[in-house]
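User: I'm new to this structure and would like a friendly walk through its strands. Could you take me through it one step at a time?

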Amino acid sequence: MPSHRPSIDEAHPTVDVLVRIADVLDTSCTDLLRQPLLRPQIIRASSLDEPDDENSVNLLFAGHELGRIEIYRTRLHPHAQSQFSSHGADSVEYVLVTSGQVTLVVDDIPHLLETGDTARFSGLSSHYCTTQDSPAVTHTIVGHPRD
């Protein structure tokens, strides 16, 4: 039996086809094409290109998912744990450690972050931060999708 080879329209749907699929699913094309953050993305401060003798700018993350944003500064004492949180479907959270060291726990998986490290992850994931023997300060941005 010969196999069916898709036509160009079947293999590469047009925008009209995507709009029809989105309508049937009662969603938008943007939501169909949005890729969820399945695991945290971490940028180590030590991996940034920052020569000692010149100024530098490093793009940490870029995205279009932000509609409404919330910005937080958190100071954690030694041996502390932040509250568990989750921010809803399609939200994205960015955490920058400005001093100290924290363990970011996302969906029960720990990620050790040092001063200057940055992480991005799905705000829908259950998450919190802990410290060990020293205090730490983090800055957090939570981005919520446009309505």
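This is a predicted model: local features need pLDDT of at least 70, side-chain atom pairs count only at pLDDT 80 or more; totals for chains, interfaces and linings use all residues.

User: Which strand holds T103, and which residues beyond its neighbours within four places in sequence does T103 contact?

Analyst: T103 belongs to strand β4, which covers residues 102–106. Leaving aside neighbours within four places in sequence, the contacts of T103 are P110, H111, L112, Y128, C129 and T130.

User: Which strands stand at the edges of the three-stranded open sheet?

Analyst: That sheet has the order β5-β4-β7, with antiparallel pairing. Two of its strands have a single partner strand each, so one side of each is left without a neighbour in the sheet. The edge strands are β5 (109–113) and β7 (127–130).

User: What is the order of the open sheet of five strands, and which are its edge strands?

Analyst: The pairing in this sheet is antiparallel, and the order is β1-β6-β3-β8-β2. Two strands pair on one side only: β1 (41–43) and β2 (68–76).

User: Which residue in β6 is the bridge partner of V95?

Analyst: Strand β3 (residues 92–99) and strand β6 (residues 118–122) run antiparallel, joined by five bridges. The bridge partner of V95 in β6 is A119.

Note on methods:
Residues are numbered from 1 along each chain as its sequence is written. Side-chain values use heavy atoms; hydrogens and water are left out. Helices (H or I, at least four residues) and strands (E, at least two) are DSSP runs, numbered from the N terminus. Contact means heavy atoms within 4.5 Å. Two strands pair if DSSP finds at least two bridges between them.
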